[in-house]
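Thanks for making time this morning.

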Amino acid sequence: MNTITHHIPEPILAAYAAGALEHPFALVVATHLSLCDDCRASFGAHEVLGGALLEDTAPEALSPDLKSGLMELLDTPFEPEPVFRRSGAYPGPVMAALKGRPPRWKRLGGGVRQTILSAGEAGSARLLYIPAGQAVPDHGHNGLELTLVLQGSFSDEAGQFRVGDVEIADDTLEHTPVAGAGADCICLAATDAPLRFSSLIPRLLQPIFRI
Amino acid sequence: MSEQTLWMIAVRDNRDKAAFAALFDFFAPRLKHFVMRGGIGSGQAEEVVQEVMLTVWRKAAMFDPERAQVSSWIYQIARNRQIDKMRRENRPLPEALAHEPESEPDAGQVVALEQETSQLKRALARLKPEQREMIEKAYLGELTHQQIKHQTGLPLGTIKSRIRLGLDRLRHELKSIREP
Ligand SMILES: [Zn+2]
């Protein structure tokens, strides 16, 4: 396992542990936790705190038949939830978002491709495929963007990002990521607002591509 | 080892219903209060409690006392259930770490984790009421991540060092699991 140098910031991790993070970002955090022992340990510490608060909570009276009803359910057969395992560059949470199928890439131009994993009011999550050595068109952000490398690497004004690394960008960062030479780069990216591309794709087409 | 841990191991290894009932008696009323703070009524809260406790029974094989306290484990199950229910979407979860269910837990590890947790609880008890309130709000999911970002500096001060302790230990454990 290579060394991860760009981690999930503590407040975002705390928000994930508390369930306060919107779905697209939660997907990036869950994927990073699948790759990073440091952040998993930190997440574990947040869970300990959540558990301590739960133990400390004042008890609330239960309906008298709640317990007996539950005890009767214990022996009923049940379907275990499907477990999505890592496949190639895609960790379990990404495979779950892909519903176990390989990504269906759509061309964005310049050899760059994307697969939308989720898009809604809470923002969007997608996979980006950037050929080795290729630049992603210069873009700024209207809101928060988390980008996690799954394969290859990319570099921009903020540094170099390898497998497992997460770049946190907000509306102050105008950046031009370039995929590293050698391997095509695959990223998981989450945004809470549409990206503003300053070139390549006219603004009018953006709703169609959902980028 | 704490009573809770022993009950949970009995549920996991022996499908012990009396031990499960003991866990229910402790956690269910607290879970109900916890869930109701999220703004749902008594009836719906009991549905969530029932689902959470049923998940505890069904997924008991995943419980690893060397890595998680019973309360931390149940806390995450409750958060997952609540989010799935409120947002009608599945909360993305990290890959489960492999562990050998057959092997005896390392009692030293389990007890060390319990001791750190009680230190953490003492640190919690020493907080000023308004700091405590903020922590509760954050971990009950009542704050957005932007709010947490602006608040953590304030109330987490004393607790941070405790988290760090737990963090170091957990990191060690994870390392030994990954590199046996
Ligand atoms: Zn990390």
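Let me begin with A:His7, which is partly exposed at a relative accessible area of 27%, where buried means under 20%, exposed over 50% and partly exposed in between, taken with a 1.4 Å probe and protein chains only. A:His32, by contrast, is buried, and its relative accessible area is 0%.

Before going on, a word on the source: this is a predicted model, in which local features need pLDDT of at least 70 and side-chain atom pairs count only at pLDDT 80 or more, while totals for chains, interfaces and linings use all residues. Residues are numbered from 1 along each chain as its sequence is written, chains are lettered from A and ligands numbered from 1 in the order in which they are written, and side-chain values use heavy atoms, with hydrogens and water left out.

What holds the zinc ion? Its donors are A:His7 through ND1, A:His32 through NE2, and A:Cys36 and A:Cys39 through SG, at 2.1 to 2.3 Å; donors here are N, O and S atoms within 2.8 Å of the metal, or 3.2 Å for Na, K and Ca. The four donor atoms subtend angles of 97 to 124 degrees, and the arrangement is therefore tetrahedral, a label that requires all angles to lie between 85 and 135 degrees. In sequence, the spacing of these donor residues reads H-x24-H-x3-C-x2-C. Because A:His7 lies in the segment before α1 (10–17) of chain A and A:His32 in helix α2 (residues 23–35) of chain A, the pair ties together parts 25 residues apart in sequence; helices are DSSP runs of H or I with at least four residues.

Turning to the nonpolar cores, meaning sets of buried Ala, Val, Leu, Ile, Met, Phe, Trp, Tyr and Cys residues joined through side-chain atoms within 4.5 Å, the largest has 48 residues, and B:Met8, B:Leu31, B:Met53 and B:Ile74 have the most contacts inside it. The biggest contribution to this core comes from α2(B), with nine residues. A second, separate core of 36 residues includes A:Phe25, A:Leu33, A:Leu148 and A:Leu150.

Finally, how much area do chain A and chain B bury between them? The figure is about 5900 Å², 64% of it on carbon and sulfur atoms, buried area being the accessible area, with a 1.4 Å probe, that two parts lose on being put together, summed over both. On the chain A side, A:Leu49, A:Leu54 and A:Glu55 lose the most area to chain B, together 12% of what that side buries.

Terms used:
Helices (H or I, at least four residues) and strands (E, at least two) are DSSP runs, numbered from the N terminus. Four donors count as tetrahedral if all angles lie between 85 and 135 degrees; four count as square planar and six as octahedral if opposite donors are over 155 degrees apart and all others between 65 and 115; anything else is irregular.
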